[in-house]
Every structure is written in C-alpha cells, then in structure tokens.
Amino acid sequence: MPSAPYAALLDAVRGVRWPARHAVRGVAAGVHHSHRRGSSPEFSEYRVYRHGDDPRRIDWRLLARSDRAYIRLANERAILATMLVVDASASMAYPEPTFAKWQMAKQLAVALAAIVHAEGDPVGLMIAGAGDARGLAPRSRRGVTSEIARLLDGTVPAGRAELGRASAGARTSGRVVIISDFLGDADATLRVAREQIAAGGEVHAVHVVAQDELDPPSRTIMAADPEDDSVRRPLADRSRAGYLSAFAQWRAALATDWHRAGATYTMITDREPADRAVRRITASGAAEARPA
Amino acid sequence: MSWLFPGYALAGVIAAAAVVGLHLIMHRLPPLARFPTARFIPPGTARAIRRALRPDDLLLLALRVATLLLLGAALARPVITPDRRPVATVVAMDRSRAVASIDEARERAASLLDDGDVLIVFDSSARELPVSDSIATIERSDAQGSLSAALLAAMQAAARIREDADSIEIVLVTPAVREELDAATDAIRAVWPGRFRLVRVAADSSPAPANARGVANATTAPPDDAVAVAAALWGWGEATRNVRLVRRGMSVEDSAWAREGGVLIHWPVTSASAPSIDSSGAVMAAGAVIVAPFARHGVPAHGANVASGQPVAGWVDGRAAAVERQSGTGCIREVAIEVPRRGDLVLRPSFGRFLHALGAPCGGAMDLRPMPAEAMERLTRDGPLALAAALPGSTSESTLAPWLLIAAIALALLEPLARRRRVEE
C-alpha cells in the first residue's frame, strides 16, 4: 500500500478509468479494445463465411433465414502495458523549499500507476535524472503501485535528465506517459515519442509547470538556470513582460508539437489539485478502441 | 553625558544616514535565485537598479550603520558626568579682625550656602571648613585678613568641585578693608575666569588696643647695642608706643608684660643656632627692606612651637626672619636677624623703616578703611560666571572612547563576512 501522502489521492481517483486511445495490439486478455476479433460474448458483426473459417462459428439461424453462411465476429479485449517516465532533473526541484513540481510529478505518477493497475494492466516506471535512468519494468502483480511510490520517494531531483533516452527505453510498452517540465532534451524526447506513436503506441505528455514560473514574484532577482550555470538573467519589472511572452510562446509551441506528433499534451500546474489533474490526463484524447 | 568633540558624533550620524540611503537605492546585482525557466528571460543588463522602500540586506546595513555610529561616538569622546547643577558656590567668609560681627558674617555666609557648596574661612590664611563642622563653630580671629589667601583657597576649592556644576561662583563675605589687599591680590584675581560677588559685612570700627605703656623700653641691652641705638635713633613711630625690646633672654616679667597688651620684640643678640652667612641677603617687613650680608639664624623656639606664629619679616627667599605669636592681648615677636656690630647698617633710613614695621601693633598696622573703589572694581569685575569646563584640570579623559572604538573595529571586521554571506545567498 503506498504511503500516507498518497492515500487521499488514491481514494480520490478510485474508479477512474483510463481506456486506450486506440485498439491495442496486446494478446493477453484485458480491458482495452483489441485489434483482434475473437469469440468473446461481445458481438461485433457478421461476416460471410470464407474457406478456412471455423465452421462452429457459423450462425445457423441466419443460415436458415438467409440461406447463406455467415460467421459471428466479436470484439476482443487486451491489456495495455503502461510505462511512466518521470523527469527527475534539477529543474523539477522547484520552487524551493517545497519542490512542488517534483511533488506533483510523483503524485501524478503514483495515481496513474494505481489507475492502470486497477484495470489489470501492467505498469512500470522509468526515472530520468542525474546518472543512468532507473526504474521498474511493467508488471501487474500486487504491490507494484507501492513499489513505484517507494522508488519515487527515494529520488531527489538533480542534475540533467536524458529524457529522450529514458523514453526510448520504454518503447516496448503500449502506452508511455512522460511526466516532465520539458526544459531538458525536449526535442529528443519528442522524436522518440513520434517513433513510438508511428509504431502504434500511445504517448501522453504531461507538462508540469510551477505557478511561480507562470507568474514570477515581483521582486527583482538574478535568475539562474539550475541545469545550466551559464544562464543567468536578471528578472525585473522591465524584463518580466518579455519573459512571460517568451515562456507562453514556448508552451504553445510545445503543445502544438506534441499534438502534431499524435500524442496528448496536458499542462499541469503545481498548485492544481492532483486528483483533478489525473482526471484531466486520463480524459484527454480518450477514444473508443477501433477495430483494425 | 557630554561630548568633548561633538562634531565627530554628528559626522558619524551623517555618514550612517548616507549608508542607509545607499542601501535603499541599490546599484548592484540582484540576489541570485534558482529559476528553471531563466532561459526565457530576455538578456539584459546584469546590474539592475532598484529602489526598495525597505532594504533586504538588513544585517549588512545594521553592521555598517553601527560601525559608523560607534566610530563617530568614539572620536567624539563621550564623558559620563554625574548630574550637574547649573551653579556651584564657593563662599569665602572673613573672620579676621576687620569683621565687626562674626555672627553677621556667619549668617550671611550660611544664607549663601547650598548642598554641595564649599565654605572657606580666612583671616591671614584660609582653610576650607569641613562639611562635618558647623558654621557656628567659626570664631573671630585677631589676625589681619588676606584676600589673596582667600582667593587662592577659593579657586582651589572651585577647581575641586568643577565636575559638580556647569558654572562656579565665588562669593566673598568680607568688610573689604584696605589692609586685606596686598601686592598679589590683583594678580591672583586675574587668574579667575569669571566674576566674584562681594557680600559686604560691617567693618570693625573699634579703636586699636589701648597703649598705656609709653615709649619703647629696651631692656637687657648693653648701651652700645646697635639695635638699641637704632631704636633710640629712629624710634618706633606713632604706632609703636607699646613696644619692649628684649635683646637677651626673656624673663617671666617680659612675658607677663606682653600678655597685658604689649608688643614684645625678642631680638637676641646672638642665637644658639649656627648662623649662615647670606652674602647678599635682604630682609623685608611690611614694605621696608634692608639689604646687607646678614648672618641668618633659625627663628628661636619659644615654648613648644617653633616659628608657628605669623611671619612679620622674611628673608628674600621667603623664609621667616621674624614671627609674631599672640600672647594674651599682646604679642611676642621673635626676630632672628643678627645685626652686625660694626658698620652703618643701623644708621640707614631703611633700617629705621624696618624698625617701625617690626614695632607695629600686634597683627600689624590696622587699616580698616574701606577698599578703594578702583580696587573694588578690579576685584569684583562685572562679567559672567566662570564655566567649570574652563577651570584648569577639567576632565578631558573619556573612559568610554576606547571601548566604543573596539566595538567599531569588531563590527568592521564582521562586515566582510556578512557581505560574503550576502553574495552567496
């Protein structure tokens, strides 16, 4: 069972469903619409009997009525493995001292893991921070949500994260959720995401932004990028407007790029209630599974 | 508390105010802060001007302000002074023979005294009356008063109490008669940087003691004694009618005679002590001076007190050549001057004047006439009171200044540490 800080959130998101955006290719039975047609009770359509079809699937009543042989087709459901890729770079450790962005990222990851696990799907974790990415391969056994929470709680965001490489390591999963502020290697990450989407996967970009980044405090500071010492700019009244405009433009461009790539993009602020953010993520781009 | 150099304290305050102003208008780098989206800030001037109603580096500001204030205070040299009165008074009360009523003098003096004030009593000499002694214990003296002695003692007492008040006033309670003035009075008066106040009491107008003995009566002197010859030659003058000259040992009868109001001049021919030859000696008495190579003797003892009387003649180096001691209503004058047997010293007019001075009535010739107006004016001289700070020996030491300087240096050493901490923040 995840620790107490997550208990309230998990209670709030209990019952939330996160259907796949497209029909999945999985073989194992699950809850998501599958590309395959099978003999499940869920009737889908009739098809003319072809040589090689299983004769036991012929609908004899229809044959009697129409004098033609048709077989019944039904929708199959499969599992969808989800990999959560969490950015643990230094830029996520903001604002001090609460590190609210990192706290939000952890809560989103744990809540989404719980939702996926509740649907019987495997869920895994990849933490991209200083050094090599580490994490947990997708699994559906009991306690995986707690393991994910434990791994995240034991991580301190620092250094630069190779998010693109971490995302590439999660390519085998049907669904990849990238939880990041995208201030690192956003282009590489997007490239990997495109590849994954082209391969039939599902990618969700969850953009975590601090409220202080959207609306900086009015005092004059020498702003220093925690991931690049060479970047130091004075943030004062006269540069504030330029900053707000540039940042907004970048966010808009980021959203457009992710949408164009075929992924979902959701921007979450650190002050938004986590359960509401989770619902927005799970609801964004939801679509019925379409048969192949 | 007072400041020896208050300008430095003011300079410290001005400098501290300037530092506060500079901290409010800051031309410096803003504080460094982590900001992940810093790359979106337009590149601009690193040094930003900002005006703050309240500086955020309060510790550094406090250190700098405190350093400047302490340094200014140290250079200004503060002196902690006890509570000072506006005016302290030194009363010099005359108890000499010139005072008609000692009660009047006591009463006038008591009315002028307040807590912390000083009372000087004087006749031919002056002394401070201890606080424990009552003014009622002061008795009238038959000695001649000396304003010079009174002024000196009063000024010394004033210097001693200078820390108690901002100004010092000296009040003379005296009949202010002529005989109390001498050649040193004006010079002593000129030293005092303020005015004197004169409270006049009645002068004694009683006549001089009755002199019923007639002319000088030289006794026990050989006929060829030089002094006896000079006394016969020059006489003792109008004021010396009651004089007995004794050239050898004094008898009981001589002492009794003196006690009854006479002026007994005991002028031994020789002395038991070995003389010292004064090659160019001079001896003076009441303005009369005789110059000759005298053989000096010590003033002979009389009874238990040696030379404890009032000097009536002195050598040029200030040592007593003759002293007068009161005896009953008269007096005995011991003279220690060996007059040469040969020579014409005693025939000189200066010797005659000297004899007249020696033969003056007990206590010297009385002149109780009022002081001349010009002398009075020189003595009292209108003007402000003397400032205590102007008196010699005023405190110029500041015990606080070294500690303030040490504190300022300590804060100055802490300032770089605070500044470095500020930069790191």
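Reader: In this predicted model, why are strand β8 of chain A and β3(B) said to pair?

Author: Strands count as paired when at least two bridges are found between them, and strand β8 (residues 221–225) of chain A and β3(B) share three bridges, running in the parallel sense, so the term applies. Within this pairing, A:Ala223 stands opposite B:Ala33 in β3(B).

Reader: What makes the meeting of A:Asp225 and B:Arg39 a salt bridge?

Author: The criterion asks for a side-chain nitrogen of Lys or Arg within 4 Å of a carboxyl oxygen of Asp or Glu; the side chains of A:Asp225 and B:Arg39 meet at 3.7 Å, N to O, and therefore the pair qualifies. The count between chain B and chain A is two salt bridges, and eleven residue pairs are in polar contact, both residues being at pLDDT 80 or more.

Reader: Which strands of chain B supply at least two residues each to the side that touches chain A?

Author: They are β3 (32–34) and β4 (48–51) of chain B, and β3(B) gives the most, with three residues. The residues of that side divide into 14 nonpolar, three polar and four charged.

Reader: How do you know how much area chain B and chain A bury between them?

Author: Buried area is the accessible area that two parts lose on being put together, summed over both, so the figure of about 2,500 Å², 67% of it on carbon and sulfur atoms, covers both chains. In chain B, B:Arg34, B:Phe35 and B:Phe40 lose the most area to chain A, together 31% of what that side buries.

Key
Residues are numbered from 1 along each chain as its sequence is written. Chains are lettered from A and ligands numbered from 1 in the order in which they are written. This is a predicted model: local features need pLDDT of at least 70, side-chain atom pairs count only at pLDDT 80 or more; totals for chains, interfaces and linings use all residues. Side-chain values use heavy atoms; hydrogens and water are left out. Buried area is the accessible area (1.4 Å probe) that two parts lose on being put together, summed over both. A polar contact is a pair of N or O atoms within 3.5 Å; within protein, one must be able to donate a hydrogen and the other to accept it, and residues adjacent in sequence count only if both atoms are side-chain atoms. Helices (H or I, at least four residues) and strands (E, at least two) are DSSP runs, numbered from the N terminus. Ala, Val, Leu, Ile, Met, Phe, Trp, Tyr, Cys and Pro count as nonpolar, Asp, Glu, Lys and Arg as charged, and the others, Gly among them, as polar.
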